[in-house]
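I'll start with the charged pairs and then check the surface.

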Amino acid sequence: MMDTTTLTDRYNEYSSQSSNVIDDLALLGLMQLISPALPIGAFAWSQGLESAFELGWVNNEHELGEWLIGVLDDGLTRCELPVLARLQNCWAHSDSEGVAYWNDWIHANRESAELSDEDIRLGLALVRLLDSLGLQPQPDQGDASLPDEPGYVTVFAWTAHQRRIPLRQILLGFAWAWLENQLAVACKALPLGHTAAQRLNEQLRPHLVTAVDTALELNDAQLGPILPSLALGSAQHETQYSRLFRS
């Protein structure tokens, strides 16, 4: 397996072939991809955060900030972000086998039925959207193939590749979308005021940059989430009596 420095260099070299006009379109494409208005139903999922509220693990703004930093450091930094970089490289080099491998790897690291279901449903919803926009991969034209059950990270990586978005911006955009979703969940379920959400946004922005820096340095043997509390909370959420979110 190639190291992540090579992944970054090779994909950014590929992306840099675009003109300034394409770069502007790539930025707009990234904004479209991470927008809360993207019609894939992401608002219906909390990624285990509602469980943390229900179980009393997160009760206020300070505790929410600590929870999100923990999930970012021990979850996204070691799972979604570095795998997104690897999937990006696979899409850039039409590597169907690599796409399938990392798609399966992500599925294997979803530690509850709800987390797995969320990833698959969001992935398939994004595939349907791409199909309606004429943006699905075209294997007969040299693109890698989508797996039978493509997860959200896999399809996000394809869409970003199709938009020719530079690798670092892809990871930052993905992390930003995660943070926006989590704060939106907290505003509905904690409840957290919108001003408090913006304070957390300011607090966590530097952590997103650090997470991307770290993710791009990890080798394959260092990957894998370390989130036992989130996994346990998510499993209990499956039988939670009253809930707003599907995970």
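Predicted model: local features only at pLDDT ≥ 70, side-chain atom pairs only at ≥ 80, totals over all residues.

How far apart in helix α7 are aspartate 117 and arginine 121? I find them four residues apart in that helix (residues 113-133), so about one helical turn separates them. Helices here are DSSP runs of H or I with at least four residues, numbered from the N terminus.

Residues are numbered from 1 along each chain as its sequence is written, and side-chain values use heavy atoms, with hydrogens and water left out.

Aspartate 117 and arginine 121 form a salt bridge, 2.8 Å from N to O. The term needs a side-chain nitrogen of Lys or Arg within 4 Å of a carboxyl oxygen of Asp or Glu. (Buried is under 20% relative accessible area, exposed over 50%, partly exposed in between, with a 1.4 Å probe and protein chains only.)

Next I checked arginine 168, which bridges to aspartate 213 with the closest N and O atoms 2.7 Å apart. That pair links distant parts of the chain, helix α9 (residues 167-189) and helix α10 (residues 194-215), 45 residues apart.

Then aspartate 119: its salt bridge to arginine 110 has closest N and O atoms 3.5 Å apart, and both residues are buried. Glu80 joins Arg110 and Asp119 in a salt-bridge network. My search of the whole structure gave seven salt bridges.

Technical notes. Helix = DSSP H or I, 4+ residues; strand = E, 2+ residues; numbered from the N terminus.
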